[in-house]
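Hi,

Here is the structure I promised to pass on. Have a look at it, and then read my notes below.

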Amino acid sequence: NMSGGEIIIHKANGAGFDIAIGCNPGNCNVTGGTVRLLCADGGGKNIISTAPFWNLEIGSVGGKDVTIKNFNGGDGSQSIAIQPLVVLNDLTIKNGGTLNTGDQNIVVGHNFTIENGGTYNPGTNTTIFNGDGTNQNFTVAGTIGNNGLNNLTLAQGATLTMQNSVTVRSVLTLETGSLLYDNGKTLTVNGNINNSGTQFNSNSVAGSIPLAGTNPQTIGGDGHGSFNNLV
């Protein structure tokens with residue numbers, strides 16, 4: 001149970017894990033609080049959790065990476081299969097911090113911020129914004145590795161405002177009832193688009209979704225999706 005306060009982790013354990021949580025999801029009740037990973041000791045560190053986080057901050061002292069991966073306690077009796085990372089509120093990658101997804105999906109319920117000097121390496125995953133009825137922001141002052149997001153999905157009912165221009169290497173999906181406020185930015189898509197939602201301008205500044213793939217691209221959806229500026 002976590003409803004508030006902070007858990008601050010300075011040093012990983014001997015197995016190289018900052019966090020290894022393997023409890024039954026039915027035994028997790030997370031409604032608040034912040035977990036901060038400072039990654040202060042040597043080498044890259046790892047995270048695995050069957051439980052969601054409320055707020056999660058990935059920090060660094062000396063440029064250490066945090067990677068999502070499976071956990072094996074060493075004797076074979078304690079193991080946790082690799083899991084998507086679920087953050088119910090805010091996910092922040094601080095200056096000097098790096099989050100490697102291990103190709104696992106990242107699910108964010110509120111804001112996702114990559115600060116200046118922070119790095120997000122998505123691999124072949126899907127970055128999902130699922131804050132139904134919540135105004136979400138995606139801020140990229142730092143770096144997205146691999147030349148951009150792999151897949152980007154706005155879940156049903158999600159509302160996302162882009163604070164910076166971003167590239168999607170594979171598929172952009174706007175599920176039914178989702179709203180994308182481009183905020184005058186560009187969301188470049190190199191793969192396909194599934195649009196059952198709506199792209200809006202915001203702040204009276206026109207943004208756009210350029211299709212820039214080198215291979216044929218398709219646009220699909222439920223037939224009710226709409227774009228503001230599609231290039």
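The cavity search turned up 1 cavity of 30 Å³ or more, a cavity being a set of points on a 1 Å grid over the protein atoms alone where a 1.4 Å probe fits but cannot get out. The largest cavity holds about 30 Å³ of space, with volume taken as the space filled by probe spheres set on the points, joined across faces, edges and corners. Its lining (residues with an atom within 4 Å of a point) is made up of Ile47, Ile48, Ser49, Ile68, Gln83, Pro84 and Leu85. Strand S4 (residues 45–49) gives the most, 3 residues; strands are DSSP E runs of at least two residues, numbered from the N terminus.

Keep in mind that this is a predicted model: local features need pLDDT of at least 70, side-chain atom pairs count only at pLDDT 80 or more, and totals for chains, interfaces and linings use all residues. Residues are numbered from 1 along each chain as its sequence is written, and side-chain values use heavy atoms, leaving out hydrogens and water.

On to the rings. There are 4 aromatic pairs (rings of Phe, Tyr and Trp, the last by its six-membered ring, with centres within 6.5 Å; stacked means planes under 30 degrees apart, edge-to-face over 60, tilted the rest). One of them is Phe112 with Phe138, stacked at 5.3 Å centre to centre and 20° between the planes. Phe112 sits in strand S13 and Phe138 in strand S16, so the pair ties together parts 26 residues apart in sequence. Both Phe112 and Phe138 are buried (under 20% relative accessible area with a 1.4 Å probe, protein chains only; exposed is over 50%, partly exposed in between).

Cheers

Note on methods: Helices (H or I, at least four residues) and strands (E, at least two) are DSSP runs, numbered from the N terminus. On a 1 Å grid over the protein atoms alone, a cavity is a set of points where a 1.4 Å probe fits but cannot get out, and a pocket is an open set with protein on both sides within 12 Å along at least five of seven lines; lining residues have an atom within 4 Å of a point.
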